[in-house]
Amino acid sequence: MPPSMQRRKLIANALGLGVVLVVGAPPVAIAADQLVRRPIDRGLLDGRWRLDMLGRLNVIRERNTLHALRLDERLNRAAQLHSDDMASRNYFDHQTPEGSRMTDRADAFGYRWRLLLENIATGQENPGEAVAGWMDSAGHRAAILNAKGRDAGMGHSYRPPDDEIAGIRHYWTLLIGTE
């Protein structure tokens, strides 16, 4: 099989699984750029939203001559825990009501960070809206464009409208770190 065909097959498999195995290669950057342009409204339940968000972040980083972020499962789990907690207990903060912070969550999942940054968002219905909101905020943009960031983890939680608590439905967490 020619190398270009192997790359296409790898990208197709990665897109199907919601996992990117190759970081920084031009075919992946092209695929990520195309992925950024597709609507994602339906994809929040199947887990592919992480690939969508990572693609958007890496296109932004590439345009700013920064290396691509790679998904880290430990950071995904820490971010997901925080999004789920905020949604289930109806709060929006970097710190839990008990005082747990991003560093505590990353430590709990075994990520030995030297750098750790966290962006949270609420109300945005898809990864594109969440990333756009972060890019419109100087502090959040600085985290996304931090040249020392290597790894990323994302969490999203949705609280259905049929519960008795009024308020926000979508909660997003982005962790960017370096070990």
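Which helix is the place of Gln80? Gln80 sits in helix α4 (residues 73-89); helices (H or I, at least four residues) and strands (E, at least two) are DSSP runs numbered from the N terminus.

The model is predicted: local features need pLDDT of at least 70, side-chain atom pairs count only at pLDDT 80 or more, and totals for chains, interfaces and linings use all residues. Residues are numbered from 1 along each chain as its sequence is written, and side-chain values use heavy atoms, with hydrogens and water left out.

View 1. Gln80 is buried, at a relative accessible area of 18% (buried: under 20% relative accessible area, 1.4 Å probe, protein chains only). Its side chain makes a polar contact with the side chain of Asp84 at 2.8 Å (a pair of N or O atoms within 3.5 Å, one able to donate a hydrogen and the other to accept it; residues adjacent in sequence count only if both atoms are side-chain atoms). Beyond four places in sequence, Gln80 is in contact with Trp49, Arg50, Met154, Gly155, His156 and Ser157 (heavy atoms within 4.5 Å).

**View 2. Helix α6 (residues 127-135).** Its buried residues are Pro127, Gly128, Ala130, Val131, Trp134 and Met135. Asn126 caps the N-terminal end, with a side-chain oxygen 3.0 Å from the backbone nitrogen of Gly128.

**View 3. The largest nonpolar core.** This core has 17 residues, and Met53, Trp134, Ile144, Met154 and Leu174 have the most contacts inside it (buried Ala, Val, Leu, Ile, Met, Phe, Trp, Tyr and Cys residues joined through side-chain atoms within 4.5 Å). The largest share, five residues, comes from α3.

Definitions and conventions:
Buried means under 20% relative accessible area, exposed over 50%, partly exposed in between (1.4 Å probe, protein chains only).
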